[in-house]
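I opened this model to look up a few local features. My notes follow.

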Amino acid sequence: MEGQLCANLEISVEKPPEASPPSFIALLKVYRELLVSRIRNTQCLIDNLIKNDYFSTEDAEIVIQFPTQADKVRKILDLVQSKGEEVSEYFIHVLQKVTDAYYELQPWLDEIGYKPSENICSKPVVNTDPVSRYCQKLRYELGRDSKFVMSYAQREEMLLEEIYSDNIMELVSFTNESLGKVCQLEALFDDAVGLINEDGETIYVFGDAGIGKSILLQKIQSLWARKELEIGAKFFFRFRCRMFSCFKEDEAICLKDLLFKYNCYPDQDPAEVFHHILQFPHTVLFTFDGFDEIYSNFDLSSVPEMCSPNEPIHPLVLLVSLLRGKLLKGSKKILTARTGTEIQRNIIRKKVLLRGFSSNNLKEYTATFFKDEGQRTLVLNQLEANPNLCSLCSVPLFCWIIFKCYEHFHSVFDSHELPDCSVTLTDVFLLMIEVHLNRSLKTSLLKNNTRSQAEMFKSRKETLLALGKMAYKGMENSFFIFEQEEVSSVNISEADLQLGFLRTVKGYSGCDNQCTYEFLHLTLQSFFTALFLVMEEKVGAKELLQFFNECSSTETAQPTCLRIPWLKKQLAGKDPFRNKEHFHFTNLFLCGLLSRSKQKLFRHLVLPAVTKRKRKTLITYLGESMKSHLKGVTRSRLPNYNQVQVQPNFVWMLRCLYETQSEKVGKLAAKRMHANYIKLTYCNAYSADCSAISFVVHHFQKRLALDLDNNNINDYGVKQLLPCFSKLAVIRLSVNQVTDHGVKILYEELSKYQIVTFLGLYNNQITDVGAKYVAKLIEECSSLEYVKIGANKITSEGGKCLAQAIQKSKTMFEIGMWGNQVGDEGAKAFAEALRNHPTLTNVSLAFNGITTEGGKSIAEAMQHNNSVKIFWLTKNELDDEAAMSFAEMLKVNKKLVHLWLIQNQITAKGVKYLSEALKENTAIKEVCLNGNLISQEEAKAFENEERIICF
């Protein structure tokens, strides 16, 4: 209709240069039906017409008496036209200015080319549209709520802008393979990068506890509230998923109440606002934080696939329907969860892995946290001197705790030292507890508190036990929110609440009239649970190990995990939301608190005999568990190695072993390792885990292969591996954020021991500087046979250094350079290295920007090589001239077996050269030419030569 009406008026609206202005009365008459059908809000028009004295109160009353919205619009048009051109123009001006209310008319306004006169521009327009008002209110409230971050001291709030620091965000595939980094938050919503399922609507952000998922959502919320997030979202609704655990099984609400009651309520016409949201779901952004923290017995299989936006139903059904796109299809959604949470693939649009702080992120965060340059320099120097502590700081939460502890002790005791030697996560949390207990003491202006940690804990024993008891009760059932009754039942006083370990949360469900509480972070609840298991004397072996059993239950564990035979508790059915990480952290802290180094601390909190009994139970369990984890040895592709592919749970086992800080435990674990090739790929290991790996591996008696590909090790992790380099003959660190600094450490250590045979550094952040260190290692270490250093940032300069080192090596078997940029200069250097090389067998120079010039040099050198069997030159810029050179080479070289020239610029002419050459060469098995400039019709000419593969 709109197009027809516009076409009908085309002659009357368009005017010659000197013609009189069009009649606005005529415009309103011609477009009357369009305006009646598209104007849904009449109140804003009436308000502005009255404000500018174009309408009287009587005019407004006449309009309001009409029963339908369409009739009201018709009456307004009648009155406006009757009052003349100025009023008619002002009417159109309001439609143009109040875009939120009259969004459907904006294309029409553009089409008629309306520009207000000077007189009309001077008239004020006030947006009284309920949708616009609600958007403004939403931005104000979300901006206010996101401005501060509540710290671990309840009295203290920090500005988000002063504490937020960028994190490594990586777009990944369904199998967690990297698809590139997220440099700007808007890129999360850009389908040009990282899209893995165009039918999904949810951006799934995952990572370990404390890695920064919640604060990332708070940053997005803050940017949206300030209109600095340009993604087309008018509405922003945020939910913490643990709130859905508070709803009773028979509770039901409608979508409108879920949105408005648990965010903010419209001041005017909620029905109109909700109708707008239903009509334009693509303007809505949802964030759902902590999907893994939902614990509910509600049976989702009993509800229908579809649900109405207006009918009341259980809130969990609304949540699942929103995520699946059954409600508000087309809305934008971000869902966070801890690593290991299973999410249905069909709802995921993108997957984003949070990896924590890079070394540069950590420096930026340190600069943000410590404003004083001298103090900042001191902290950075101490972190550099303690890679163990530095590795813990790669997790934002743990970094913040360490920095706050440093800040506190510096101000109270004038101490400038961070903890040295081996610092465990248990040490960090004990330090944090001490800091907050310290703050609760009354201090003299002239006298500092000088109580030891043991004295401090002894003085607050009952408080710690009460907090631990509540944490334990919640942990047993995966509950993270506590009602006032539960807090009172364990004798937590008002003074205890002021310590800052718990915070109040907005009441959910039926809890509106009383306070509800949660621990300030899930890891803190895990810590207090472990503290209770240690301090409560009545806890027996069954209770002590119950969370280990939770982590190895059949619902989520791998077959290699150990089950405790006398613990049979099982869920009735698999909980679709459940994640085990809070149990893992509890077990980790339990190992740390029962370590021998903590005996002095607990001497006055629990009887030594009780602690000894619990420690013995735990150590026995850990030993048996190691046996179970390391079953299933298979032969490795590398000769002389027996391989075991361990599961992600094994990393948690190593973390627990490290927390004990017991050399006896480390030796026992190493003794149980019968395999000599440990494969820890895709285990979500991060830099601090390398301390745990070294803790066990350095006790290993034989040479060992360690495969850590596709984790988050980075340079700090490389440094943490120092104790075990004397044992490592194979070290694989591909896809691990390793930079030139990490490569320097590898060179310095591996060149000492001269035993490394395989070095895997594919897809890291290595430049020519790092390439030179690898080149020196190749030259100096005669044992080195395999080097994989593709997909880095190596240019011709680094390529030449590597080639020259390979030329000197008499042992190099394989070099992988795929995805660098060595170009023709690098190719010529590799050509010289290949000439008469005695051992080099597999070579990849694929995707390296090599043109015909470099290709010809390689082909000529290969005429003088008898060792290379496989050569990959895929995705370069080789043409027919280069193909002719390779054809000449094939007439001479009878040792090459596989030549890959896939995705170059070779035509049928070049293929003919190669095909002719094969008549004189029976040794080569294939020349792969897929993806070149050859049509299927042209390829038929080479069908008789099976070794030429074009498609």
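I count a polar contact as a pair of N or O atoms within 3.5 Å, where within protein one must be able to donate a hydrogen and the other to accept it. The model is predicted.

**Entry: lysine 614**

I looked up lysine 614 and found it in helix 30, residues 608–629. The side chain of lysine 614 reaches the backbone oxygen of leucine 533 at 2.7 Å. Lysine 614 is buried but has no salt bridge. Glutamate 536 is the nearest side chain of opposite charge, and I read 7.0 Å for it. A salt bridge would need a side-chain nitrogen within 4 Å of a carboxyl oxygen. I then listed contacts of lysine 614, leaving out residues up to four places away in sequence. Among them are Leu533, Val534, Met535, Glu536 and Glu537. The list also includes Val539, Leu544 and Leu594.

**Entry: strand 5**

Next I checked strand 5, residues 202–207. Six of its six residues are buried. Both faces are covered. Thr202, Tyr204 and Phe206 lie on one side, with Ile203, Val205 and Gly207 on the other.

Which strands pair with strand 5? Strand 8, residues 332–338, pairs with strand 5 in the parallel sense over six bridges. There, valine 205 stands opposite threonine 336. Strand 9, residues 348–356, also pairs with strand 5 in the parallel sense, over five bridges. Isoleucine 203 has lysine 350 of strand 9 as its bridge partner.

**Entry: cysteines**

I searched for cysteine sulfur pairs within 2.5 Å. The disulfide count is zero. Cysteine 183 is exposed, at 74% relative accessible area. Cysteine 683 is buried, at 5%.

Key: Residues are numbered from 1 along each chain as its sequence is written. This is a predicted model: local features need pLDDT of at least 70, side-chain atom pairs count only at pLDDT 80 or more; totals for chains, interfaces and linings use all residues. Side-chain values use heavy atoms; hydrogens and water are left out. Buried means under 20% relative accessible area, exposed over 50%, partly exposed in between (1.4 Å probe, protein chains only). Helices (H or I, at least four residues) and strands (E, at least two) are DSSP runs, numbered from the N terminus. Two strands pair if DSSP finds at least two bridges between them. Lys and Arg count as positive and Asp and Glu as negative; His and the chain ends are not counted. Contact means heavy atoms within 4.5 Å.
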